[in-house]
Amino acid sequence: MNITTFAATMNQWGQEKVPFLFVVDFEMQQPLLLRLKDVDASKLLYRIQGITNTPQAPLITPTGSVTLEKIPLPQQEYQRKFDAVYAHLAYGDSFLTNLTVKTEVKTDRSLRDLFHLSRARYKLLFDNRFLVFSPEIFVQIKDKKIYSFPMKGTMDASLPQARERLLADPKEIAEHVTIVDLIRNDLSQVASGVHVSRFRYIEEIQTASKTLLQVSSEVVGDLEEDYAARIGDILVRLLPPGSVSGAPKPKTLEIIRDVEQEQRGYYTGVFGVFDGERLDSGVMIRFIEKQGDRYFYRSGGGITTQSTAASEYQEVIDKVYVPLT
Ligand SMILES: C=C(O[C@@H]1C=C(C(=O)O)C=C[C@H]1O)C(=O)O
């Protein structure tokens, strides 16, 4: 299915109130759209804030801890990519670029076990190929309104005065404002009366080794009366998500293609569920993929002219974790 057919089918199912699941890759080349009743649980498991096709209690509930050994990209290699992005930022081609990398991981658990063991707002196990446990909402559509929750700014919660420092840091504020602006612009293409309804609130994310603080905002806009019949167009218009690409979007996407060299595929794409009334979707970050018998964890962060390679490198490594139940 191509992205045009995907949008058109989604529009039709939206109008007919047919519940569906969708999964779209970052490059929008392999979109998947299924009626909820046709999702085969032996291939695809999902859990979106309580909506799930997993049995209440899995037959064998995996318990215990998870080992996750990280083999990060060498720092010099990260530095090269960072420098290439930075040159574009300094030139003014982009003012925020999300640079992502791949970390090889070794784990004693299967992707299916990790699915059951992990705790996150958006979980997806795709054909034993990849696993997502994402905290990031892409968009929610309900009662003629569209919401997005841009997330930007991460800090280790154990640092002294982490909350206060995260909220007061001028660099974090500047980057957060940039991403909120970008999302306001994106939503304004499909909605009216777009405004920021909550600004910079903190959420805690538990990982096996530490607690991370993550800052988000809420942006909301009004949709037209017939929005259900255009739900596919609305969604596709907003892709790829601004939070994992950057601004301005088209030029920044070129920079990402150049610097990252490898397609992102489903990583940083979106997936979600429409229940016949409401749509809820997540950004596919916190992502482990299987390649042959090796596992790779993909993570990234937004870079601006105020970023430094050392702390961005640390951030992409800190983001390699499994959030446990
Ligand atoms: C791309 C990722 O992160 C993105 C960048 C973030 C940031 O810069 O703070 C936060 C969440 C994501 O939108 C990732 O975590 O893999």
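**Reasoning about the ligand site and the backbone**

A: Gladly, and let us start with E136: an N or O atom in the side chain of E136 is 2.7 Å from an oxygen atom of the ligand. Please keep in mind that this is a predicted model.

Q: Which distances do K152 and R286 show to an oxygen atom of the ligand?
A: For K152, a side-chain N or O atom is 2.7 Å from a ligand oxygen. For R286, the corresponding distance is 3.1 Å.

Q: How much of the ligand's own accessible area does the protein cover?
A: The cover is 100% of the 390 Å² that the ligand has on its own.

Q: What is the space taken by the ligand called?
A: That space is the largest cavity. The word is cavity because a 1.4 Å probe fits there but cannot get out.

Q: Which residues come nearest to the ligand, and which elements give two or more residues to its shell?
A: Of the 18 residues around the ligand, the nearest are E136, K152, G153, Y267 and G302. The elements are strand 11 (151–156) and strand 18 (294–303). By type, the shell holds four nonpolar, nine polar and five charged residues.

Q: Why is the ligand said to lie between domain 1 and domain 2?
A: Because domain 1 (3–140 + 226–319) and domain 2 (145–222) both give residues to the shell around the ligand.

Q: How do you know which kind of peptide bond joins L239 and P240?
A: Omega is about -10 degrees, and the bond is cis. P240 sits in the loop between helix 6 (231–237) and strand 14 (246–247).

Definitions and conventions
Residues are numbered from 1 along each chain as its sequence is written. This is a predicted model: local features need pLDDT of at least 70, side-chain atom pairs count only at pLDDT 80 or more; totals for chains, interfaces and linings use all residues. Side-chain values use heavy atoms; hydrogens and water are left out. A residue is near a molecule or strand if one of its heavy atoms lies within 4 Å of it. A polar contact is a pair of N or O atoms within 3.5 Å; within protein, one must be able to donate a hydrogen and the other to accept it, and residues adjacent in sequence count only if both atoms are side-chain atoms. Accessible areas come from the Shrake-Rupley method with a 1.4 Å probe; for residues, only the protein chains shown count as cover. On a 1 Å grid over the protein atoms alone, a cavity is a set of points where a 1.4 Å probe fits but cannot get out, and a pocket is an open set with protein on both sides within 12 Å along at least five of seven lines; lining residues have an atom within 4 Å of a point. A molecule sits in a cavity or pocket if more than half of its atoms lie within 2 Å of its grid points. Helices (H or I, at least four residues) and strands (E, at least two) are DSSP runs, numbered from the N terminus. Ala, Val, Leu, Ile, Met, Phe, Trp, Tyr, Cys and Pro count as nonpolar, Asp, Glu, Lys and Arg as charged, and the others, Gly among them, as polar. Domain bounds come from an automatic or database domain assignment.
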